[in-house]
Amino acid sequence: MARTRSSSSIRWRYLNPAYYLKRPKRLALLFMAFVFVSFFVWDRQTLVREHEEELSKLKEEIERLQNGLGELKNEDGFSVKNTNTPTKRIDLTKMDGYTPDPIETQRREKVKDAMVHAWSSYEKYAWGHDELQPQSKNGVDSFGGLGATLIDSLDTLYIMGLDDEFQRARDWVANTLDFNKNYDASVFETTIRVVGGLLSAYDLSGDNVFLEKAKDIADRLLPAWNTPSGIPYNIINLAHGNAHNPGWTGGDSILADSGTEQLEFIALSQRTGDSKYQQKVENVILELNKTFPADGLLPIYINPHRGTTSHSTITFGAMGDSFYEYLLKVWIQGNKTEEVKLYREMWETSMKGLLSLVRKTAPSSFTYISEKIGNSLIDKMDELACFAPGMIALGSSGYGPTESTKFLNLAEELAWTCYNFYQSTPTKLAGENYFFHSGQDMTVGTSWNILRPETVESLFYLWRLTGNKTYQDWGWNIFQAFEKNSRVEAGYVGLKDVNTGVKDNMMQSFFLAETLKYLYLLFSPPSVISLDEWVFNTEAHPIKIVPRLGLGASSNYKQHKQQPSMGNRVRGRREGRFGGN
């Protein structure tokens, strides 16, 4: 019986290569079909890929336009900036036109390793506490249990790309952080560490939880400004709002503690649309400007009832320093516009006063900034005053060419002195302050080192502004000294004595917030936290520079000038000091 072919066997023959070898025309048709289908699929994939690239570019352009045009007006007409957009971290391995310097890369990674060691030790032994005691491996609440090290570290973790660590810290802020504490807090320390740290984390990540927490703590601090002059009390109870000054000041407020909240509170008003924060802190500047001296140098004690200064030390070190820093930085934060011109004018006046304090040692000609009481100069300079070289360099570009060069040269000379604060000790770590004597150059006074950042801060600014790699080398030497003398099994500690190297038992929160951040940025490209887009608060928390409209010290100052009782006195002083500037 004859067999018939099944339909399935007929279909399968088209899959047999031998079938086509015997039929060349059909083979050619099959090849042409294959080429056509392949081209069609490849073309579609190319179109999809190009479409995705165009969408990505459009999204980036929309974000840029939102950032540039994000000025909104609330119903009171106060300017508020919508900053709820995460800051895109720069991938250092994929920067167009950037050729990594292998030495910079190696050093940056070493600093990042140091941050991981410091943070992991805090996380293991002191989680949620203010600071870690590495020797005894426990946490302490130096600031009332606000998680100071955690909040101080948020932006450092973000900038360094330590995302898992940042997320765990963020969750603690969201779920555990509570400011309702019966604790007398320093308005200054709480502002620069907590308000500043939270605002910086918000500007970097776009996460609203940080802004809400910043508003919460700022609201608890605000009653401190309820004084007859508007000069704030420096201590406030976070739960009850009772404010006062420390007993050891004789009832006076401290200059730096009263004039170092402007950046944070202005930024908070910009981001919330609530002008009350900015009004409180700008009124302080207006009050101080009423009796601002011709040399721009204020004593460290101010009477909060009268708004006048008391007979006390004039210094760019402890209790004076950051007042002068913020005069410059609020001008930068305000985009250097007419609205913030008063800050720049006051700062330039203070720089004239600073020049009157500058001295040189013998025989090595180290330049330093002396202190002053009455008409007497004191040949002493705090390591804290080593922020000044960076500040002066940062402000030098606002002058004309001759003055700019003069001040930049001064900044470099002062930085050399500060670097030698480190190099002059057996441990290569700086003491707390130095005295200068004829023929002896410098001698260390208070000999402890608590991991302070001021010198590396200035090295960071000078490297960014001059491109001179010498400042990177100096910073690296300081970092190595920290690694050799301060690194222990559970973090980093200060030294009780820089001459002997005896260690203390505290890892200061600013070591993670400032010292390691500035060192990391010292070895990173200038586009990482660009100085054109960010301004650092005095705790090294970068605050995004956004357009500023409306409320401001200069506009308020103009209103004050129209009042006859005060206007003539202020106007005459300003014309005499500033001329046509």
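Three strands, in the order β5-β6-β7, make up an open sheet with antiparallel pairing, where two strands count as paired if DSSP finds at least two bridges between them. The model is predicted: local features need pLDDT of at least 70, side-chain atom pairs count only at pLDDT 80 or more, and totals for chains, interfaces and linings use all residues. Residues are numbered from 1 along each chain as its sequence is written, and side-chain values use heavy atoms, with hydrogens and water left out. The edges of the sheet are held by β5 and β7 (243–244), each with a single partner strand, so one side of each has no neighbour in the sheet. Strand β6 (residues 235–237) is joined to β7 by 2 bridges, and the two run antiparallel; Ile 235 sits opposite His 244 in β7. Strands here are DSSP runs of E with at least two residues, helices are runs of H or I with at least four, and both are numbered from the N terminus.

Helix packing comes next. Helices α15 (residues 401–423) and α17 (residues 470–485) pack at an angle of about 25°, their axes lying 11 Å apart; axes are lines fitted to C-alpha atoms, for helices over the stretch in contact, and angles run from 0 to 180 degrees between N-to-C directions. The two helices, α15 and α17, are therefore roughly parallel to each other, a label for angles under 35 degrees. Their crossing is left-handed.

Finally, the second largest pocket holds about 700 Å³ of space. Its lining comprises 34 residues, and those closest to the centre are Phe 188, Glu 189, Asp 257, Leu 384 and Arg 452. Elements giving two or more residues to this lining include β5 (184–186), α7 (187–205), α9 (255–258) and α16 (454–466), and α7 gives the most, with 5 residues. By type, the lining of the second largest pocket divides into 17 nonpolar, 7 polar and 10 charged residues.

Technical notes. On a 1 Å grid over the protein atoms alone, a cavity is a set of points where a 1.4 Å probe fits but cannot get out, and a pocket is an open set with protein on both sides within 12 Å along at least five of seven lines; lining residues have an atom within 4 Å of a point. Grid points are joined across faces, edges and corners, and a volume is the space filled by probe spheres set on the points. Ala, Val, Leu, Ile, Met, Phe, Trp, Tyr, Cys and Pro count as nonpolar, Asp, Glu, Lys and Arg as charged, and the others, Gly among them, as polar. Angles under 35 degrees count as roughly parallel, over 145 as roughly antiparallel, 65 to 115 as roughly perpendicular and the rest as oblique. A crossing is left-handed if the near helix is turned anticlockwise from the far one by less than a right angle, and right-handed if clockwise.
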